[in-house]
Each structure stands twice: as C-alpha cells, then as structure tokens.
Amino acid sequence: MMTLLVQWFDRNYRRVIYVLVVLCVLVPAFLTVRLRIKPAGATQGLFNAVEGIPAARHAAITNLEAELAHTITNQEKLLSRLQRLRQHTNGVLLLSLDFDPSSAPELTPQAEIILRHAFMRGIAVVAVIVSTPVGAQLAQSIVDRAARETQGRYGVKLAGRDYVYLGFRPGYFNLIMQMGEDISRAFASDYAGNRLETLPMMQGIKNLHDIDLVAVITGFVGVPEAWMQVAKTKYNRPLGMGMTAVSVADYTPYLHSKQLVGLLPGMRGAAEYEMALDAPGAGTRGMLAQLASHVLIIVLIALGNVLFFLQRRNRS
Amino acid sequence: MMPESFMDLAGVWTAALLSLCVFSFLFKDNILFKLTEAIFVGVSVGYGIVLSWNAGLHPKVVVPLMDFIRNYHSKSRADFFWAAYMLASLGIGVLYLSRFSPRQAWLSRFPMAYLMGIGIGMSMPLTIQTSIFEQMRATLIPLVVKTNGAWDWAASLGNIVLLLGVFSVLYYFFFSVKKSDPVSQTVSRIGIAYLMLGFGASFALTVMARIALLSARMQFLKDEWMEGTLRYFNLL
C-alpha cells in the first residue's frame, strides 16, 4: 500500500503541488483577515514624494517669484512659466502606466492607489502610456475608475480639468524626449481625440519642467531606463517607480543612488502604499494569499532538500 | 463587483472560461489550452496593429501628408522639405518589409542602421551618465558614518557590506589574471556569495510575482465571475 502511494506521488507530485498552491491562494480570498503591513522605506519614499507635490509646487512658485524680483533678463519667459505654475497650485503628477494585461494583476493596484492619493490631494494628473499599444485601453479604465471612486469625498474629478489621459504613441524613447521639450508635440490630442490646447488643464503644462513628480508603473525592461535617462538625468525631475516584483532586484541600485525617490515592488508595494495612505484595497487583499503561498513554498523547498539529502545518504 | 449589463456579464464569462482553459494546462496539454493561446496571440497582434495605426501612422504620417497634398500650392519651401523628409523616412521604413523575401532581406539593414544610429547617438551619453557615473558616485561612500557626532554603526556596516560586494563581484568577473593565490580565491568566493544572494532574491521575487498573478485571477473568478453572476441574477 505504502509503495503504491509513493509510486503515485512520484508520478503526480506536480499536480499535488499545483492543488496546494491553488488552495493557498483561493482559501484566503474567502477570508476577511487583514494583515498588519508596515510600509518599507522604498514605498514610503514614493508616498512622501506624492504627498509632498503641493509643497514642492508652492516652493517652486515662491522661488520663481523671488527670481523674477531679482532678474531683469528673461522676464517674459519667467513670467510665462510662473503663470503656468500658478495654474495648478497643488502640483502636477505625470503617471506613466506602461504595462499590459499580462502584468496588470500586480501593477493595477499600484496605479490605482497612486491615482487615488493624487486625486485626494487635489493634484492634477497627466497619465500616459509610452511602451505598448496593448495596454492603452486598460490604462484608460484604471484612470477613469480611480477618478470616479475618489470624487464622492474629494469633489468631482473631470477629464480635461483635473486629469488628462493622453493614451499611447509609438517610439517611446523619442516620445519621452519630445515630452521634455513640448508635450503637445508628442501628443497632439488626448486619448479621446480632444486637442491638447482645448483642455483647460493643459494650459498650465507645457513640458516636463512643469511636472512636479514623474511616477512610472511598468512591467517592461527598458522603459525604466528610458524614463531615468530623460526625466531624471536630462530634465532632473523627481522620479518614482512601481514595478513587477521580478524586475525590482535589477532597479534597486537606482534607489540607493537616489536616482529614484521610491520603488514599489509588485503587489506588496501596492499593499504597503495602501497602508501608508490608510486606504486598503486590492493590494492588501492579496497579501494573505501571498503569505500562505510563501509559507507553502518555503516548506516545499525545505522538504525537497531534506528528501535530497536522505536519498543521497541511502544511495551511499 | 456586479456586471452592469448583459454584455458585461458575457465579457466576464468569456474571461473566466478562457482563464479556466489556460489553467487546464496544469493537468496536461490539451486543445482548449492551445485554442486559448492562439486567441490571445491573435487578439494581441490585431489590437496592436489597429492601435499603432490609429495612434502613430495615421495621425503622424497619413493625415499631415494628405493635408500637404491637398494644399500643396499654398505651402512654403520648409513644408516641402518636411514632406520630402517624411516621404524618405517612410521609404526607409517600408524597407523593413523586405524581410519577407529571403533574396531582398538585406534591404532591411538600412532602416535598422538608421534606427540604431539615432538610438545609440541619443541614448549613449544619457546611459553612461545614468547607469555608470551615477552608480559610481553612489559607491563613493564613507566607511565610518557619524550621525550627530556619534558613530552610526548600522550605516557604517551597511556601507562596508555594499563596498565589499561591489569590489568582490567586480573582481570575480576580472578574468585577465589567474586567481590561484588564497587572497584572490577568497575575494572571488565572496563575490560568488554576493551573486548567489542576488540570484536568490530574484528567484524569491519571481515567486512573489507569479503568486500575485494567480491570486488576482482567483480573486477575479471568485468576485466577478461567481459572485457577480449570482448578483446579476439576484441570487446573492
């Protein structure tokens, strides 16, 4: 009997592991237990950067006013920039939603919580997708849903006035470079086809210099580098990122070198951000399943190693 | 979440059934999995082509060129140069299609060379600045850190670990000298240990990512498919 059981397990152990993993993921979906999650430094960094956008805009306006008072050259250029900055006193967030449905389960909660945070603080949001046309409609639904869900408590959020979704244009590196000079040259119209010069919100936003924080949520290799090279290195804009957990190890050095203000690692990053904002959502809901599955995988790795050493001892 | 209309419900059911077809691969390879895979590839490519046309080729090339052709008599010399540049770029782009012919495939090297030349020229200084200079600057750190005049042992230890990692891994990848003496071998082994830690972290993060995908799909099947359907028919 025991021998038969061992033989069956040898043939079907993969399926047993699949069933165990599915149970570890499915059972927590029916539970209402909420884990206590403490935001890590990388998450807190991005949270603080979004939270600090209105203060950063206020400081930029004050500095420019002081510069204007002491400068006689370039008055016209400085005045025009001051007018643009005063259009959005709570600041502007540029959110790049560079992912497609294959990484949406990890990245949608990140995008949603950052958008909710920005809308709650009255920050104007310019959303864009530069890497794949496949995610364009998904990104629009995320932005519209976040605006709809926030407007009950924090006032009506209107497309074109409080946020703009520019959609997708090909040629991402060149596109980001163009946005640094003039956003309306890169995107003549928003995703709905409205010309940018007709949108009230875009009157105060000309290029990356008018953006207080760039946040990039991405699951693609190459996209973080492009944003870092253009937005951070060339235009010196504060830059934060949210990524699939797989990519995080590759980009953590940029966090330590302070080229990034924060970095959200996959669904856990979303859960930590939700805790920092005290607004539990999809990220927090997924953490119990993560915990159960991780415990199972640790047990399976330990068991596999024990069996390996036992087999080796028996053979010798 | 409850589907708001019958079409929403149909969409949720389509997504749920396709998800189950994909999961059926865990039991064994089968026709339903292959069918779903083919649908996914076809839909992605079709959707990508239409959006690339709508977002790129149509507004950036077709519309301006058609406008130029319609009103060419009122255009300036600069507009003519722009149109010639646009047509030349379009011609170079069309050479990509020569890949379909084995005899003419060499023509596709021209658009590739054009793109590589521009891409490298634009990104090289920024890449060196972003990924080499800034990263080197981040390793120029003090080994003894003092916070408010007192020795901050945690920060100091962190910096020592970081520097040791950078030097030992770089040394491990330095193949020009035979590492036969005990010091070289020890430093190389430390480098290997750092690399293993890095690979372990990457593997753990990959597991985390995959579990997140599965968890979100299960959540969808439970919330939107099962509960959503029951709510739609007022059974919950």
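Select A:Ile297 to begin; this residue sits in helix α12 of chain A, which covers residues 282-315. The model on screen is a predicted one. Show the neighbours of A:Ile297 across the chain boundary: B:Val207 and B:Ile211 are in contact with A:Ile297. A:Ile17 and A:Ile297 are 280 residues apart along the chain, yet their C-alpha atoms are separated by 9.3 Å.

**Where the chains meet**

Now colour the two chains separately and select the residues at their contact. Chain A contributes 48 residues and chain B contributes 39 residues. Together the two chains bury about 3,800 Å², with 71% of that area on carbon and sulfur atoms. On the chain B side, pick out B:Leu126, B:Met208 and B:Ile211, which account for 15% of the area that chain B buries against chain A, more than any other three residues.

What joins the chains in terms of polar contacts and salt bridges? Between chain B and chain A there are 13 residue pairs in polar contact, both residues at pLDDT 80 or more, and zero salt bridges. To see which parts of chain B are involved, select α2 (31-70), α4 (109-139) and α6 (182-232), the elements that give two or more residues to the side touching chain A. Of the elements of chain B, α6 gives the most, with 17 residues. Sorted by class, this side of chain B holds 19 nonpolar, 14 polar and six charged residues.

**Helix α2 of chain B**

B:Cys21 counts as buried because its relative accessibility is 16%, under the 20% limit. In chain A, A:Cys24 is also buried, at 18% relative accessibility. A disulfide is a covalent bond between the sulfur atoms of two cysteines. Over all chains, the count of disulfides is zero.

**A buried threonine in chain A**

Return to chain A and select A:Thr218, in strand β4 (residues 213-218). A:Thr218 is buried, with 2% relative accessible area. Follow its side chain to the backbone oxygen of A:Asp98, reached at 3.1 Å. Besides A:Asp98, the residues that A:Thr218 touches include A:Leu107, A:Val223, A:Pro224 and A:Gly242. A:Met243 and A:Thr244 are also among its contacts.

**Salt bridges**

Over all chains, there are 15 salt bridges. For one of them, select A:Glu65 and A:Arg86, whose side chains meet at 2.5 Å, N to O. The pair links distant parts of the chain: A:Glu65 belongs to helix α3 (residues 53-70) and A:Arg86 to helix α4 (residues 75-87), 21 residues apart. A:Glu65 is partly exposed at 33% relative accessibility, and A:Arg86 is partly exposed at 45%.

Another pair in chain A is A:Arg161 with A:Asp162, where the closest N and O atoms are 3.0 Å apart. Here A:Arg161 is partly exposed at 42% relative accessibility, whereas A:Asp162 is buried at 17%.

In chain B, select B:Asp29 and B:Lys34, which form a salt bridge at 3.1 Å, N to O. B:Asp29 has a relative accessible area of 42% and is partly exposed; B:Lys34 is partly exposed too, at 44%. Then select B:Lys222, B:Asp223, B:Glu227 and B:Arg231, which are joined into one network by salt bridges that share partners.

Most residues other than glycine have a negative phi. A:Asp278 lies in the loop between α11 (266-277) and α12 of chain A, and is exposed, with a relative accessible area of 64%.

The last stop is B:Asn234, in the segment after α6 of chain B. B:Asn234 is not a glycine, but its phi is positive, about 55°. B:Asn234 counts as exposed, at 69% relative accessibility.

Technical notes: Residues numbered from 1 in each chain as written. Chains lettered and ligands numbered in written order. Predicted model: local features only at pLDDT ≥ 70, side-chain atom pairs only at ≥ 80, totals over all residues. Heavy atoms only, no water. Helix = DSSP H or I, 4+ residues; strand = E, 2+ residues; numbered from the N terminus. Buried < 20%, exposed > 50% of the residue type's maximum accessible area, 1.4 Å probe, protein only. Polar contact = N/O pair within 3.5 Å; in protein donor to acceptor, adjacent residues only side chain to side chain. Contact = heavy atoms within 4.5 Å. Buried area = accessible area lost by both parts, 1.4 Å probe. Salt bridge = Lys/Arg side-chain N within 4 Å of Asp/Glu carboxyl O. Nonpolar A, V, L, I, M, F, W, Y, C, P; charged D, E, K, R; others polar. Disulfide = S-S within 2.5 Å. Lists of a residue's contacts leave out its neighbours within four places in sequence.
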